[in-house]
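Me: I would like to go through the terms used for this model and see what each one rests on. Please show it to me before we start.

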Amino acid sequence: MGRRSAPEVNAGSMADIAFLLLIFFLVTTTIETDSGINRKLPPMDEIIDPPIIKERNIFTVVVNKNNQILVEEKLMDLRNIRSEAVAFLDNGGGLADEACDYCQGSRNRSSSDNPDKAIISLKNDRETDYKVYISVQNELVAAYNELRNREFIRLYPSENMDYVQADKKYTDPRTDKKVKEKLKEKLGVIKLMYPMKLSEAEPNKTS
Amino acid sequence: MSKFKKKGSGEIPKISTASLPDIVFMLLFFFMVATVLRDNTLMIKNTLPAADQVQKLDKKDRVIYIYAGKPSARYQDKYGNQPRIQLNDKFATVSDVGAYVLAERASKREELQNVLTTALKVDGETKMGLISDIKQELRKVNALKINYTTRIGDYTQNN
């Protein structure tokens, strides 16, 4: 009889709460971005005048139609490709002005002269599976990254990161412009030490 | 009888609905931000191979997408089960790739036209022959920067 009506809840702060939540989700959610292996195709109308490359400076990787991997004409497991490629690139067997003073390889005369001369040639068959091809590509890129990381840490210990991290930082749009410029220079030096020379031959037809 | 008389003032007061629009807007904004916009409905199986030496493909406006893979189950009656190329929402043949890339390039802003990347989103089960054909087409139209889009993961997942 004497019941009092419940007092109305003040809804004025509801909007604030809503905005708070909105901003929280805005900050925490990230939109998924794609990632993958970047490659550059050779231009179509190149002058057909292949430079003479010594056999020892080429590291041939062939993936045949049964998805078997042949490195320098020997059958090889995917697991060993990375270390083989590193050994080849880092060999530094050159003499005099072709010598490589930062290479830590075995300096075998029958392998590559220096990383600048060393070329990895990747050949695949039309029947090769894409995923196998990507795995091989991945391992070859990993070999380059491994060497670049090593040199980056050796030359720029003050950066406190390796080549891959530095590259990621460089491509990150949030990085400061000044930092970017510094990184670009350092990355350039490393890229020059171990240039990525990965040639892809046109696949042969399965007969 | 006065005992059962309705009381005018004893009812529970109405809950204020003034903040409802805020909540709705909040939800709207949340979904706007969190959803990944996919402008192409995939008509193919598209399990990307795994790789871990990857670089991010930032700036969506600088990317042209090419999909390839086996047609998904409901298209198999019509298109067979051989891997095919999908451009936008349509199945295409290798010879369409060049024209598609040129058209896409023309639709981009002028200052971006030289920095475009072509992302190949290809199913892991596809044979390299098709990819080589696509690459040849891309070379013909001078779209040389490509990206093999992958999942992030170890290569041992590719078996």
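Reply: Two strands pair if DSSP finds at least two bridges between them. Helices (H or I, at least four residues) and strands (E, at least two) are DSSP runs, numbered from the N terminus. This is a predicted model, in which local features need pLDDT of at least 70 and side-chain atom pairs count only at pLDDT 80 or more, while totals for chains, interfaces and linings use all residues. Residues are numbered from 1 along each chain as its sequence is written, and chains are lettered from A and ligands numbered from 1 in the order in which they are written.

Me: What makes strand 6 and strand 7 of chain B a pair?
Reply: Three bridges join strand 6 (residues 117-122) of chain B to strand 7 of chain B, and a pair needs at least two. The two strands run parallel. One of the bridges links A119(B) to its partner N147(B) in strand 7 of chain B.

Me: Why is the crossover from strand 6 to strand 7 of chain B called right-handed?
Reply: The term applies if, with the strands pointing away from the viewer, the path from the first strand over the helix to the second runs clockwise. Here the chain passes from strand 6 of chain B through helix 4 (residues 128-140) of chain B to strand 7 of chain B, and this β-α-β crossover is right-handed.

Me: How do you know that strand 1 of chain A pairs with strand 7 of chain B?
Reply: Six bridges join strand 1 (residues 35-40) of chain A to strand 7 (residues 145-152) of chain B, where the definition asks for at least two. The two run antiparallel. In strand 7 of chain B, R39(A) has I146(B) as its bridge partner, and N38(A) stands opposite N147(B).

Me: Why are strand 4 and strand 6 of chain A said to stand at the edges?
Reply: Five strands of chain A form an open sheet in the order 4-3-2-5-6, with mixed pairing. Strand 4 (74-76) and strand 6 (198-200) of chain A each have a single partner strand, so one side of each is left without a neighbour in the sheet. Within this sheet, strand 2 (residues 58-63) and strand 3 (residues 69-71) of chain A pair in the antiparallel sense over three bridges, and V62(A) stands opposite L70(A) in strand 3.
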